Amino acid sequence: MEIGPNDTLGAPRNLEVIKPARFARNYPVFAGLQLSKKGHGSGHRTITRRGLTTKIHAICDTLGNPVELGITLGQDADITQAEPLLENIDPDAFLPDKAYDADRLIDRLIQRGITPVIPPKRNRTTRRKTDFSLYRERNLVERFFNKLK
């Protein structure tokens with residue numbers, strides 16, 4: 001079974017995006033995906049001391065259904081997948097975790113009219129305000145990943 005960046009797991013292809021969309025944390029990929037080994041083509045699997053690692057990136061709608069999916073190498077930074085996954089959809093808000101707290105990404109979201117709801121990292125010198133009542137809705141994405149497990 002191969003999963004592409006625009007594939008959904010069981011969701012209909014003509015699913016209309018219900019806003020705001022949510023961005024998910026990344027988890028090791030489950031067994032059954034056909035991925036090539038590191039150094040052999042453009043695979044998405046990395047061999048480490050603990051075994052093979054990959055990350056699944058997902059954008060979910062307000063019901064917790066996946067709208068966009070992506071798979072990357074385990075050592076790739078999470079923030080590298082934010083813009084490629086967001087380019088095909090137009091959400092009202094973006095609710096990722098602290099790993100996505102970067103001025104460049106936040107500026108691009110604001111330019112597109114997307115409200116960034118990202119808690120600031122501890123080392124940030126100027127704190128940004130975050131709507132934590134809206135950020136609590138991010139648990140729907142976590143529930144989606146629990147269903148995958």
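Colleague: Is Y135 buried or exposed?
Modeller: Y135 has a relative accessible area of 17%. The model is predicted, with local features needing pLDDT of at least 70, side-chain atom pairs counting only at pLDDT 80 or more, and totals for chains, interfaces and linings using all residues. Residues are numbered from 1 along each chain as its sequence is written, and side-chain values use heavy atoms, leaving out hydrogens and water. Since buried means under 20% relative accessible area, exposed over 50% and partly exposed in between (1.4 Å probe, protein chains only), Y135 is buried.

Colleague: How are the rings of F94 and Y100 arranged?
Modeller: The structure holds three aromatic pairs, meaning Phe, Tyr or Trp rings (for Trp, the six-membered one) with centres within 6.5 Å, where planes under 30 degrees apart are stacked, over 60 edge-to-face and the rest tilted. For F94 and Y100 the centres lie 6.3 Å apart and the planes meet at 85 degrees, so this pair is edge-to-face.

Colleague: What angle lies between the planes of F132 and Y135?
Modeller: F132 and Y135 are three residues apart in helix α3 (residues 132–135), and therefore about one helical turn separates them; helices are DSSP runs (H or I, at least four residues) numbered from the N terminus. F132 is partly exposed, at 48%. Their edge-to-face pair has centres 6.1 Å apart and planes at 85 degrees.

Definitions and conventions: Helix = DSSP H or I, 4+ residues; strand = E, 2+ residues; numbered from the N terminus.
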